[in-house]
Amino acid sequence: MLNNESNQQSSVSKTSYFISIVRLSAVLIILCGIVYPLASTALAQVFMPSQANGSLLKNSRGEVVGSELIGQSFTDPSLFQGRVSSINYKAEASGSNNYGPSNPDMLQRISDSIAQWKKDNPEVPISQLPVDLITNSGSGLDPHISPAAARVQIPRISNLTGIPADQLEELVVKTTEGRDLGLFGEERVNVLKLNLALSELSKK
């Protein structure tokens with residue numbers, strides 16, 4: 001008799017535990033899988049809609065031309081050029097080859113970049129070439145270059161577009177972003193934003 005009661009209590013206890021687990025799982029699925037994502041999305045759309053939608057940039061016609069977070073390859077010599085990207089700025093496959101300083105492939109890539117620089121920028125000696133224009137970033141997606149890397153391209157762009165160098169210098173200054181919180185990182189220039197400003201200036 002005692003054994004039967006004990007077995008019944010054990011069965012009831014197991015059933016109770018199972019029901020509790022199912023209830024808890026259902027609650028967590030609803031909270032974490034539905035409520036939290038919807039709440040996070042709603043708050044992001046209210047307080048930071050641009051960032052929530054990818055920090056997209058548009059041209060003067062209102063067309064989306066890219067994101068301020070992801071670099072692009074600009075091959076037109078009359079535009080400002082960004083950093084080298086070993087993945088051709090493919091956002092779905094960020095990363096780099098992590099070559100060592102003596103890797104022959106990396107040395108060849110740098111050599112090719114320097115040769116192309118000399119060809120496109122004969123007015124600027126190689127000694128003034130900022131290193132970020134011939135090296136890859138860790139992600140391969142960096143949308144920024146240093147202000148020096150932007151300024152060193154001004155003679156080429158001025159010659160090709162006819163825009164005075166001092167006006168191009170003003171563009172670089174206007175699009176230069178400061179250190180985060182005034183302390184972290186370095187001053188930088190978003191290449192896409194700079195080229196959009198250059199495009200507008202070229203229309204005047």
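Buried means under 20% relative accessible area, exposed over 50%, and partly exposed anything in between, using a 1.4 Å probe and protein chains only. All the views come from a predicted model, where local features need pLDDT of at least 70, side-chain atom pairs count only at pLDDT 80 or more, and totals for chains, interfaces and linings use all residues. Residues are numbered from 1 along each chain as its sequence is written, and side-chain values use heavy atoms, with hydrogens and water left out.

**View A. E177 pairs up with R188.** The two form a salt bridge (a side-chain nitrogen of Lys or Arg within 4 Å of a carboxyl oxygen of Asp or Glu), with their closest N and O atoms 3.6 Å apart. E177 sits in strand β4 (residues 176–177) and R188 in strand β5 (residues 188–190), so the pair ties together parts eleven residues apart in sequence. Strands (E, at least two residues) and helices (H or I, at least four) are DSSP runs, numbered from the N terminus. E177 is partly exposed at 21%, while R188 is buried at 19%.

**View B. R188 also bridges to D180.** Here the closest N and O atoms are 2.8 Å apart, and D180 is partly exposed at 40%. Zoom out and E68, E177, D180, R188 and K193 are linked in a salt-bridge network.

**View C. R179 meets E186.** Their side chains form a salt bridge at 3.4 Å, N to O. R179 is partly exposed at 39%; E186 is exposed at 53%.

**View D. N136 sits in a loop.** That loop runs between α3 (104–120) and β3 (144–145). N136 is buried at 15%, and its contacts (heavy atoms within 4.5 Å) beyond four places in sequence include R83, G95 and R109.
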